[in-house]
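Subject: Handover of a structure and notes on its analysis

Dear colleague,

Please find below the structure that I am passing on to you. My notes on what was found in it follow directly after.

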Amino acid sequence: MDQDGLLLSEASALKAARKEAGVDNLLAGLAGIVIRVQENRLNDSVKELVSTTALEHVQSFSRGGFSQALLQAEKTPTFIVRESKEPSSIRHLNARPRTESAPDTRLETFIFETPDIKELVDIQRGRGVSFTSEIREIGENLFIRTRPSPNTHNSVGYVQFLGEKSFGPKKAAFKPIPKPDNDFIGNIGFLDHAATRITHADRIPAILEWMNLTGYDFSESVYAERFNSITNVTRLRGRDFAMVLTSGIGPTAGDRPDPTEKFVRNYGKRVHHLAWQADPIADVFEGLKREGTGFLLDLVGGPDEGLMQTFTIPSKNTFLVQEYIHRYGDFDGFFTKDNVTKLTAATDAQ
Ligand SMILES: [Fe+2]
């Protein structure tokens, strides 16, 4: 059986096992995303995010040794951006040639809401999932987080909201970092997908693990053969947010551009980009360029292809690239081979 055949049969077995274990009904979708930044970069990071995405700064507070900011947008998980004086316990996973100067910086955790965290954790522990602690009470929430995955170096968190659906304490006065007053920022919409880059060897274990932890299903793989890269798409039924795991096809051969495996060597396994709906995307692209945002490529695709996309250069504050994407017609999370190939190629320069 080839690798894709193996993936399909393993994914279908995992889906059945997950359902049988009772996990599916305990996972209610993506509620939060944690980005840790280097000390003294929190304000710059928030300023950058409110200026280049739909996110709005809605709260700031200190908790557990972290200064934290909450950012929100419609149909989008809450972003928890934070910094601390204490070094990250996963510096050894973060520090690579291009990230050594900011070894605490990483999009660390995708947090999923559950109606019953105790039951979910009991089931998942029984299925071999390991967590960094017991279930903790944080404010009015119950929370737990997995150890960083060996396949992606990302963590998955589970939260049960006992009171208001919020990641912050009761609202107190704070000084919001305003969104810029321009004519295009309102054309950026919800978070469409996030993409994590991993090596060819991580592909099947990473997809199966993500499905196991989050209730997502494998949907499709888009090959960019010339660039030794596969864009693997996973989705949660009936939901908008897709998770992409981009892997090499094979080891670096040395005779062709190799942006995906190269990214992992230079930045480590981590989230490469966040993709935001943009309509009209041309206004967003031109507006951001005017205000000084750099891009890895021009807009690619169009109505005939069904979608139009582009990538910014990576942020110095978060190492994240922002993607802007316009889908013509209804959201169904699909990608096209031509766009994927052009976008992958452009990241060879980062
Ligand atoms: Fe993307």
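Predicted model: local features only at pLDDT ≥ 70, side-chain atom pairs only at ≥ 80, totals over all residues.

How many bridges join β5 to β8, and in which sense do the two strands run? Five bridges connect them, and the strands are parallel.

Overall architecture

The protein contains eight helices and 16 strands. Its radius of gyration is 19 Å, which agrees with the value near 20 Å that a compact globule of 350 residues would have. The C-alpha trace extends over about 55 × 50 × 40 Å along the principal axes. Of the 350 residues, 45% are buried. Among contacts between residues at least 6 apart in sequence, 67% link residues at least 24 apart.

The two domains

The domain assignment divides the protein into domain 1 (21-161) and domain 2 (185-349). Their centres, taken over C-alpha atoms, are separated by 20 Å. Domain 1 contributes 37 residues to the contact, and domain 2 contributes 32 residues. On the side of domain 1 that touches domain 2, at least two residues each come from β1 (30-36), α2 (42-52), α3 (91-94) and β5. The largest share of that side, four residues, is supplied by α2. Sorted by class, that side of domain 1 holds 14 nonpolar, 14 polar and nine charged residues.

Strands β5, β7 and β8

To return to the opening question, one of the residue pairs between the parallel strands β5 and β8 is F110 with its bridge partner V156 in β8. Strand β8 also pairs with strand β7 (residues 141-145), here in the antiparallel sense and over five bridges. In this second pairing, L142 has Q160 of β8 as its bridge partner. Six of the seven residues of β8 are buried, so this strand is largely enclosed by the rest of the structure.

Within strand β5 lies E108. Why does E108 count as buried? A residue is classed as buried if 20 or more other C-beta atoms lie within 10 Å of its own, and E108 is buried because it has 24 other C-beta atoms within 10 Å. Leaving aside neighbours within four places in sequence, the contacts of E108 are V34, R36 and S155. N40 is 68 residues from E108 in sequence, and their C-alpha atoms are 18 Å apart in space.

Strand β2 (residues 56-63) pairs with strand β3 (residues 66-72) in the antiparallel sense over seven bridges. Here H57 stands opposite L71 of β3. The hairpin of β2 and β3 has two residues between the strands, and G64 takes a positive phi near 55° in it. Strand β3 is in turn joined by six bridges to strand β4 (residues 78-84), again in the antiparallel sense. L70 has I80 in β4 as its bridge partner. In the hairpin of β3 and β4, five residues lie between the strands, and K75 has a positive phi near 55°.

Helix α5 (residues 203-214) comprises twelve residues and spans 17 Å from its first C-alpha to its last, close to the 16 Å expected at 1.5 Å a residue. Is α5 largely enclosed or largely open? Nine of its twelve residues are buried, so the helix is largely enclosed by the rest of the structure. The buried residues of α5 are R203, A206, I207, E209, W210, M211, N212, L213 and T214. They pack against α1 (3-21), β5 (106-113), β8 (155-161), β10 (217-224), β11 (229-235) and β12 (242-248). After α5 comes G215, which has a positive phi near 85°.

In helix α6 (residues 259-267), the buried residues are P259, T260, E261, F263, V264 and Y267. The elements that cover them include β9 (188-197), β11, β12, β13 (270-278) and α8 (337-346). Just after α6, G268 has a positive phi of about 85°.

With kind regards

Technical notes
Residues numbered from 1 in each chain as written. Rg over C-alpha atoms; globule rule 2.2 N^0.38 Å. Contact = placed C-beta atoms within 7 Å. Expected span 1.5 Å × (residues − 1). Domains from an automatic or database assignment. Nonpolar A, V, L, I, M, F, W, Y, C, P; charged D, E, K, R; others polar. Pairing = 2+ DSSP bridges.
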